[in-house]
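Have a look at the structure first, then read on.

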Amino acid sequence: MTKEEILAFLTANPICYLATVDGNVPHVRGMMMFRADGDGIVFHTGLGKDLTNQLEKNPAVELCTYNPEQNVQVRVCGTAEFVNDLALKQAIVAERPFLQPMVEQTGYDAFLLFRVKDAQATVWTMADNMAPKTYVAL
């Protein structure tokens, strides 16, 4: 897959698993990315969550998403960077109304954004299961 095809795949399959490291212990959780484009892969979380604390200590992450109909998996590793962008926060809440009660209760300051940048992706399918991995810069 090309860079553009990978970004389109990520956008079409926003549910992923995101791995972080706390000390030498890995942690993985299901996440829903907001978008994937040339500026990075955007996620949201909350102030004070374990994820936030882990990213502050070690911004190295890996995410993995899978489409069972296509039997395609994409793994992306990169560096998480917090983003302070009120307009983007408002756009996310507008598209995801389930976030509105949290924002009304805690405000936008407790609603954090981060993007994965300096990323590289590898694509897996059963057809190339035994082939050496190749990486695409995102």
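## The second largest pocket

The lining of the second largest pocket divides into six nonpolar, four polar and three charged residues (nonpolar: Ala, Val, Leu, Ile, Met, Phe, Trp, Tyr, Cys and Pro; charged: Asp, Glu, Lys and Arg; polar: the others, Gly among them). About 210 Å³ of space lies in this pocket, and of its 13 lining residues, Met 31, His 44, Thr 45, Gly 46 and Lys 49 are the closest to its centre. A pocket here is an open set of points on a 1 Å grid over the protein atoms alone, where a 1.4 Å probe fits, with protein on both sides within 12 Å along at least five of seven lines; lining residues have an atom within 4 Å of a point. The volume is the space filled by probe spheres set on the points, which are joined across faces, edges and corners.

Strand E2 (25–32) gives the most to this lining, with four residues; E4 and helix H2 (50–57) each supply at least two. Helices (H or I, at least four residues) and strands (E, at least two) are DSSP runs, numbered from the N terminus.

## About the model

This is a predicted model: local features need pLDDT of at least 70 and side-chain atom pairs pLDDT 80 or more, while totals for chains, interfaces and linings use all residues. Residues are numbered from 1 along each chain as its sequence is written, and side-chain values use heavy atoms, leaving out hydrogens and water.

## Ring pairs

The whole structure has three aromatic pairs (Phe, Tyr or Trp rings, the six-membered one for Trp, with centres within 6.5 Å; planes under 30 degrees apart are stacked, over 60 edge-to-face, the rest tilted). Phe 43 and Phe 114 are stacked, because their ring centres are 5.3 Å apart and their planes sit at 15°. Phe 43 is in strand E4 (residues 40–46) and Phe 114 in strand E7 (residues 111–125), so the pair ties together parts 71 residues apart in sequence.

Tyr 108 and Phe 111 make an edge-to-face pair, with centres 6.4 Å apart and planes at 70°. Ring pairs also link Phe 43, Phe 82 and Phe 114 into a cluster.

## Helix H1

Which residues of helix H1 (residues 3–12) are buried? They're Ile 6, Leu 7, Phe 9 and Leu 10 (buried means under 20% relative accessible area, exposed over 50%, partly exposed in between, with a 1.4 Å probe and protein chains only). Turned away from that side are the exposed residues Glu 4 and Ala 12.
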